[in-house]
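Student: I have a structure open and would like to go through it with you. Could we begin with the strands and then move on to other features?

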Amino acid sequence: MINVTKTYLPPLSEYQTYLDQIWQITWLTNRGKFVLELEQKLCRYLQVPNLLFVNNGTIALQIAIKALNLKGEIITTPFSYVATTSSIVWENCKPVFVDIDPNSLCINPDLIEEAITNKTSAIMATHVYGIPCEVEKIEKIAQKYQLKIIYDAAHSFGVQYKGQSLLNYGDISTLSFHATKLFHTGEGGGIVTKDKDLFHKIMYMHNFGHNGPEEFFGVGINGKSSELHAAMGLCVLPKIDELITKRKELSEYYDSNLKSLDLRRPTIPTETIYNYAYYPVIFESEEYLLKAKNKLNENNIFPRRYFYPSLNTLNYVEKQTCLVSEEISKRVLCLPLFYDLEISLAENICNIIKK
Ligand SMILES: *Cc1c(COP(=O)(O)O)cnc(C)c1O
């Protein structure tokens, strides 16, 4: 069975060397040495000043909303994974959807201002598929209206924009290290902010508010991860450049093989160093998409409809229309893309789609 992605697993012996040490020290969680080592190495690799390793990308979003003390309405994108919206609702805020740009598929900054009300507290946008949002325009609007910015950067591991990490834009960026993501720790996530005081607050918040065993700094939750997860990350991180290179080669293969078809691809802005996190194609119609998907399924190949449905149509949000997102989400399919996908299989996938 070929899925949209396949988790990279390090040689078992490499993971075993970490397990041996964990067994020896008998220390599994509460910011052990491997969690600290992973955070340091991630900061260096991603070129960010502070990164907190947490237990998943959704708790990262929820802590971000809490730490910024957001209330009322949060302007967000309808084209993302459901966690972007659900975390807003979970934190008792109201998601206000602003439609996407048809080329980048990220939130359309030119539509943000008209969605701002006196209840708006923040903009929470996704760098969807790792494609940078129009961060400068968003920043300007946020400054004008004194709004906070959270970027759901779950897809943006390693992406650079204008000579620096994409994670350095906005007040907070959050990452997911779920097993299906480019860099993974099995389950896991990250919170990045340049603001030292905010980072401090987040540090307390993710650990029940503990300040030592008997004192508490405010209310917290358990967002900690474990040594077992950190060890996985330490095994995967040294391989990440190689994994990205493989995906780049495969993406370029898909590009060349599929160029005769009327498939559209989202545009990546200039001055971006991309991470090839996904390979989305936009079909002419939903009918064509379903035909291709069914044929692929018959051949035991399972692409995914990332992202469908458009999040403004979820039954637990107030009804709002986002025509571009609704339209694109019906027609977009992510093709299998992972480090050891054989070119012959990619060719087979292309042939099935062409038929
Ligand atoms: C995967 C993902 C999340 C959630 O991350 P988890 O680690 O699975 O909780 C949030 N937002 C986006 C855009 C994602 O793709």
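Student: In what order do the strands of the open sheet of 3 strands come?
Tutor: This is a predicted model. The order in that open sheet is β8-β7-β11, and the pairing is antiparallel.

Student: Which strands stand at the edges?
Tutor: The edge strands are β8 (164-165) and β11 (272-273). Each has a single partner strand, so one side of each has no neighbour in the sheet.

Student: And over how many bridges do β7 and β11 pair?
Tutor: Strand β7, residues 160-161, pairs with β11 over 2 bridges in the antiparallel sense. Within this pairing, Tyr 161 stands opposite Thr 272 of β11.

Student: What holds strands of a sheet together in general?
Tutor: Strands in a sheet pair through backbone hydrogen bonds, in either a parallel or an antiparallel arrangement.

Student: What does the side chain of Asp 152 face on the ligand, and at what distance?
Tutor: An N or O atom in the side chain of Asp 152 is 2.7 Å from a nitrogen atom of the ligand. For Lys 181, a side-chain N or O atom is 3.2 Å from an oxygen atom of the ligand.

Student: Which atom of Gly 57 is involved, backbone or side chain?
Tutor: A polar backbone atom of Gly 57 is 2.7 Å from an oxygen atom of the ligand.

Student: How much of the ligand's accessible area does the protein cover?
Tutor: On its own the ligand has 380 Å² of accessible area, and the protein covers 92% of this.

Student: Now salt bridges. How many does the structure hold?
Tutor: The structure holds 16 salt bridges. One of them joins Glu 39 and Arg 31, with the closest N and O atoms 2.6 Å apart.

Student: Is Glu 39 buried or exposed?
Tutor: Glu 39 has a relative accessible area of 7%, which is under 20%, so Glu 39 is buried.

Student: Which residues are linked in a network?
Tutor: Asp 110, Glu 134 and Lys 137 are linked in a network of salt bridges. Between Glu 134 and Lys 137, the closest N and O atoms are 3.4 Å apart. Glu 134 is partly exposed at 29% relative accessible area, and Lys 137 is partly exposed at 37%.

Student: What about Glu 298 and Lys 295: where do they lie?
Tutor: Both lie in helix α9, residues 286-298, and they are 3 residues apart, about one turn of the helix. Glu 298 is exposed, with a relative accessible area of 58%, whereas Lys 295 is partly exposed at 43%.

Student: What is phi of Leu 105?
Tutor: Phi of Leu 105 is near 65 degrees, a positive value in a residue other than glycine. Leu 105 is in the loop between β4 (94-97) and β5 (120-126), and it is buried, with 0% relative accessible area.

Student: And what about phi of Asn 300?
Tutor: Asn 300 also has a positive phi, near 65 degrees. This residue lies in the loop between α9 and β13 and is partly exposed, with a relative accessible area of 43%.

Student: Last topic: which residues form the nonpolar patch on the surface?
Tutor: Trp 23, Leu 28 and Leu 228 form it, and together they have about 330 Å² of accessible area. Leu 228 is in helix α7, residues 227-236, and counts as partly exposed at 31% relative accessibility.

Terms used
Residues numbered from 1 in each chain as written. Predicted model: local features only at pLDDT ≥ 70, side-chain atom pairs only at ≥ 80, totals over all residues. Heavy atoms only, no water. Patch = residues over 30% accessible without salt bridge, like charges linked within 9 Å, V, L, I, M, F, W, Y side chains within 5 Å. Areas by Shrake-Rupley, 256 points an atom, 1.4 Å probe, with all protein chains shown as cover. Salt bridge = Lys/Arg side-chain N within 4 Å of Asp/Glu carboxyl O. Helix = DSSP H or I, 4+ residues; strand = E, 2+ residues; numbered from the N terminus. Buried < 20%, exposed > 50% of the residue type's maximum accessible area, 1.4 Å probe, protein only. Polar contact = N/O pair within 3.5 Å; in protein donor to acceptor, adjacent residues only side chain to side chain. Pairing = 2+ DSSP bridges.
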